[in-house]
Amino acid sequence: MTLTTYLLPLLYGITSFFSSTFRSPGATALVNPGGAESRLYKPDRVFDGETVHDGWVVLVKGATIEAVGPAASVRSEGADVIDLKGTTLLPGLIEGHSHLLLHPYNETTWDDQVLKEPRSYRVARATIHARNTLLAGFTTVRDLGTEGADYDDVGLKQAIDQGVIPGPRMIVATRALIATGSYAPKGFSPDVDVPQGAEEADGHDKLIQAVRRQIGKGADLIKVYADYRWGLMSEARPTFTLDELKLIVEVARSSGRPTVAHATTVEGMRRAILAGCETIEHGDGGTPEIFALMKDRGTALCPTVAAGDATSQYRGWKKGIDPEPERIRNKRITFKQALDAGVKICFGGDVGVFTHGDNARELEMMVDYGMKPLEALRSATSVNAGVFHLADRGRIQAGLLADLMVAEGDPTKTIGAIRKVRLVVKNGQIIKL
Ligand SMILES: [Zn+2]
């Protein structure tokens, strides 16, 4: 492929993005002036969020999927035909666990990002992270905490929604909640108070205030750290009591918002599940009993396998050369236990620990750890949409948002093909050709 044939479609995509998004704030989503923006996408096959259909086409009108089905059944007079031979069309992917305000720890340690990087610098980086995420086919992210950057995810989300910068739709957690003394940065003299990567709050009144404050400032959900490595032993231990977690969930739920929990220990997971947290993030130390409890309560697991894989490599593990460290071997075991128990698996890599735009790494690792490509893709589309209460996306279905991605080849058979992005469509607008 010549440079020009590569660049021209790319330029077209970017121009099309800017011309289509710089309208008045809030007005971009649903208007379709003149009714002219009808496009018929013709890939080899459509993955609709559940199953694969050979020979299907997708008609998009304005910001909405108008029709989907076998080519002969879809009336498409007047629509621009986009021929996508050799590709698979999928719902825009939904990243379940991102930190757009972090960048990989092998570039800058987490401590240094939180303590030394100016907030303006972190936001500047985040705008590029958002763009790269979208261009990789991820049209929605659930961003689980700004890690010391206060409410900067709220402004980032607004800038994307108003078309100021390109990026995925965001569900934001804002600061996240931690029990006093339990989080990080840590390791300083006990005589020094160091700014923390999330909001400390404890007990009845303080927790109610913190939850309500975060919601008031823009949180779409509440994230809690149900356990963490704390104290001199630096071993993960439960943080909030069961009653505190129940209170957080109750206050968030009364405003219509879910609570999700970072938890890696059996007891931290148990409390978070019993309290009503909707997803467990990481879950590394889960057991068959805990996963059975999750299945029973309908709690989903967001396993973030790529994060542990990345941090192990940052600590010196030479993947493919050295034997797998104990942490990785254990993760393979517990991931399999969760699958065997029938726990709903969210797709979410904790991206930010590794490079934004490389989100597909988690999909590849879910397959490496025992899921079929089709199951992993369901997680990243219809399952995440269901678990995150996003009824308007995650499937290729008439009436849903026209958030699509098109990959070369067939990622439902070979997951790595998901990286070969031919096209991204968000809100009916082509982002990249
Ligand atoms: Zn995280």
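**Helix packing, domains and backbone**

Modeller: In this predicted model, the axes of helix H5 (residues 204–216) and helix H6 (residues 242–254) come within 9 Å, and they cross at roughly 35°.

Biologist: What is the handedness of the crossing of H5 and H6, and which residues of H5 and H6 meet?

Modeller: The crossing of H5 and H6 is right-handed. On the H5 side the residues are His204, Leu207, Ile208, Val211 and Arg212, and they meet Glu244, Leu247, Ile248, Val251 and Ala252 in H6. Sorted by class, this contact has seven nonpolar residues, one polar residue and two charged residues.

Biologist: OK, and how do H11 and H12 cross?

Modeller: Helix H11 (residues 360–368) and helix H12 (residues 373–387) have axes that come within 9 Å and cross at roughly 140°, and the two helices are therefore oblique to each other. The crossing of H11 with H12 is right-handed. Leu363, Met366 and Val367 are the H11 residues that meet Pro373, Ala376, Ser379 and Ala380 in H12, and by class this contact has six nonpolar residues, one polar residue and no charged residues.

Biologist: While we are on helices, which residues of H9 are buried, and what covers them?

Modeller: In helix H9 (residues 305–314), the buried residues are Val305, Ala306, Ala307, Gly308, Asp309 and Ala310. Their cover includes helix H10 (326–341) and also H11. After H9 comes glycine 316, which has a positive phi, near 115°.

Biologist: Switching to peptide bonds, which residues does the cis peptide bond join?

Modeller: The cis peptide bond joins alanine 184 and proline 185, and its omega is about 5°. Proline 185 lies in the loop between strand S9 (177–178) and strand S10 (199–200).

Biologist: What about glutamate 281, where is it found, and what is it in contact with?

Modeller: Glutamate 281 is found in strand S15 (residues 279–282), and it is buried, since 27 other C-beta atoms lie within 10 Å. If its neighbours within four places in sequence are left aside, glutamate 281 is in contact with His97, Leu144, Val260, Ala261, His262, Ala263, Cys302 and Thr304. Threonine 264 is 17 residues from glutamate 281 along the chain, and their C-alpha atoms are separated by 7.7 Å.

Biologist: Then serine 73, buried or exposed?

Modeller: Serine 73 counts as exposed, because it has 10 C-beta neighbours inside 10 Å. It is found in the loop between strand S4 (64–70) and strand S5 (80–91). From C-alpha to C-alpha, serine 73 and valine 57 are 9.1 Å apart in space, while in sequence they are 16 residues apart.

Biologist: Last topic: how is the protein divided into domains, and how many residues does the contact take from each?

Modeller: Domain 1 is made of 3–92 + 394–432, and domain 2 of 93–387. Their C-alpha centres lie 30 Å apart, and the contact takes 30 residues from domain 1 and 24 residues from domain 2. On the side of domain 1 that touches domain 2, the elements that give two or more residues are helix H1 (3–21), S5, strand S18 (421–426) and strand S19 (429–432).

Biologist: Which of those gives the largest share, and how do the residues on that side divide by class?

Modeller: The largest share of the side of domain 1 that touches domain 2 comes from S18, with three residues. By class, the residues of that side divide into 13 nonpolar, nine polar and eight charged.

Definitions and conventions. Residues numbered from 1 in each chain as written. Predicted model: local features only at pLDDT ≥ 70, side-chain atom pairs only at ≥ 80, totals over all residues. Axes fitted to C-alpha atoms, helices over the stretch in contact; angles between N-to-C directions. Helix = DSSP H or I, 4+ residues; strand = E, 2+ residues; numbered from the N terminus. Parallel < 35°, antiparallel > 145°, perpendicular 65-115°, else oblique. Left-handed = near helix turned anticlockwise from the far one by under 90°. Contact = placed C-beta atoms within 7 Å. Nonpolar A, V, L, I, M, F, W, Y, C, P; charged D, E, K, R; others polar. Buried ≥ 20, exposed ≤ 12 C-beta atoms within 10 Å, placed from the backbone. Domains from an automatic or database assignment.
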